[in-house]
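Here is a short note to read beside the model. Please keep the sequence and the structure open while going through the points.

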Amino acid sequence: MARPRVFVSSTYYDLKYIRASLEGFIESLGFEAILFERGNIPFHSDTPLDKSCYHEAENADIFVLIVGGRYGSSTSDSRQEDNQPSEEYQSITQKEFDTAQAKGIPTFILVDNAVRSEHYTYLQNKNNEDIKYAHVDDVAVFHFLDKILEKRQNNPVHNFEKVTEIESWLREQWAGRFQYLLRSKSQKQQLSDLQSQILELKSVNETLKNYLEAVLKTVDPKKSDQIIKLEEEKIENNRKKLLLNKNYFITYMNILSSLSEDKIKILIEEPQNYNELLKTIDRNIIDNFNPYFKELILEKHMQESYNEARSILGKPPIDFGSDNKNLKS
């Protein structure tokens with residue numbers, strides 16, 4: 001019987017006791033644990049060893065990443081030279097993670113508590129080259145963490161101190177995923193039925209629309225065009241409202257600020273460039289939220305969502321690239 005295959009990715013020597021415990025935990029659930037030190041990865045004589053690991057990572061059903069204090073060995077494509085800083089090459093662990101992410105493999109990330117604590121210190125001291133960290137061998141570990149945390153999806157992170165905390169978190173995550181899959185199967189059938197009903201209603205609605213327009217023109221030809229135009233505008237406004245309610249930027253504003261719907265609309269419609277947007281922020285947003293919002297609008301995905309909202313309202317996009325020199329990717 002086929003079993004879910006779980007690829008465990010981490011540096012080896014500093015985390016080998018965690019890897020061994022995790023292997024037992026995975027097997028106890030009836031899953032197949034894939035760890036290179038256990039001979040689970042078939043290595044090919046005509047390719048570098050690390051490339052076999054990437055192949056297995058992209059063919060796994062679940063990917064578990066453990067981040068400790070070591071950055072790890074370089075990939076065969078970016079060999080580390082003597083005294084070369086770690087951040088100048090890609091580690092095998094990072095490449096395994098990137099490979100699984102590119103394939104959309106469900107990923108679960110565990111970070112050592114001490115490393116995560118020092119990561120916060122690092123964020124406050126990025127420009128201080130003299131600071132020494134007790135729990136990592138190179139700041140490249142922090143660069144890797146930054147890359148993980150910047151992702152918008154498939155990057156759940158959990159800090160751990162003991163192996164039992166890893167097992168407890170993974171058990172809850174995988175149980176929740178299993179429940180989601182069961183519900184999804186039922187919901188797919190419901191969605192299919194709903195789509196059929198929507199198509200049927202759309203057909204009926206179009207027929208009624210044509211019928212009512214014909215009736216109106218017969219009863220009162222002079223007013224019929226005006227009535228039809230007003231109703232079409234109402235339908236279009238409702239369509240825009242539905243699209244705006246799904247917009248990421250507007251969702252954020254509704255959650256993080258107390259701005260009214262009208263003021264949010266002003267923020268979107270009035271500015272013609274980045275500088276005008278900043279002025280509109282100053283005029284319409286309460287002072288204690290201003291700095292946070294100005295920082296938020298520097299994020300690339302927030303700018304894309306902002307311009308998407310402008311497009312819904314029939315406004316051209318703002319060119320943040322030319323107006324804002326501090327764009328964050």
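Notes on the model

1. The structure holds one cavity of 30 Å³ or more. A cavity is a set of points, on a 1 Å grid over the protein atoms alone, where a 1.4 Å probe fits but cannot get out. The model is predicted, so local features need pLDDT of at least 70 and side-chain atom pairs count only at pLDDT 80 or more, while totals for chains, interfaces and linings use all residues. Residues are numbered from 1 along each chain as its sequence is written, and side-chain values use heavy atoms, with hydrogens and water left out.

2. The space in the largest cavity is about 70 Å³; a volume is the space filled by probe spheres set on the points, which are joined across faces, edges and corners. Its lining residues (those with an atom within 4 Å of a point) are Thr11, Ile66, Val67, Gly68, Arg70, Tyr71, Ser91, Thr93, Val141 and Phe144. At least two of the lining residues come from strand 3 (62-67), and at least two from helix 5 (140-150). Helices (H or I, at least four residues) and strands (E, at least two) are DSSP runs, numbered from the N terminus. By class, five lining residues are nonpolar, four polar and one charged. Here Ala, Val, Leu, Ile, Met, Phe, Trp, Tyr, Cys and Pro count as nonpolar, Asp, Glu, Lys and Arg as charged, and the others, Gly among them, as polar.

3. The largest pocket has about 480 Å³ of space. A pocket is an open set with protein on both sides within 12 Å along at least five of seven lines. Of its 26 lining residues, Ser10, Tyr12, Phe36, Ser73 and Ile92 lie nearest the centre. Strand 1, helix 2 and helix 3 (92-102) each give at least two residues to this lining. It divides into 12 nonpolar, nine polar and five charged residues.

4. How many salt bridges are there? The count is six, where a salt bridge is a side-chain nitrogen of Lys or Arg within 4 Å of a carboxyl oxygen of Asp or Glu. Side chains of opposite charge can pair when their charged atoms come close.

5. Arg5, Glu32 and Glu56 are linked in a salt-bridge network. Arg5 meets Glu32 at 3.7 Å, N to O. This pair joins strand 1 to strand 2 (residues 32-34), 27 residues apart. Arg5 also meets Glu56, at 2.7 Å, N to O. Because Arg5 lies in strand 1 and Glu56 in helix 2, this second pair ties together parts 51 residues apart in sequence. Glu56 has 8% relative accessibility, so it counts as buried, whereas Glu32, at 25%, is partly exposed. Buried means under 20% relative accessible area, exposed over 50%, and partly exposed in between (1.4 Å probe, protein chains only).

6. Another salt bridge pairs Arg3 with Glu27, with the closest N and O atoms 3.2 Å apart. Arg3 is in the segment before strand 1 (5-9) and Glu27 in helix 1 (residues 16-28), 24 residues away.

7. Phe36, Phe43 and Leu49 form a nonpolar surface patch with about 290 Å² of accessible area together. Patches are made of residues with over 30% relative accessible area and no salt bridge, with like charges joined within 9 Å and nonpolar side chains (Val, Leu, Ile, Met, Phe, Trp, Tyr) within 5 Å. Accessible areas come from the Shrake-Rupley method with a 1.4 Å probe; for residues, only the protein chains shown count as cover. Leu49 sits in helix 2 (residues 49-58).
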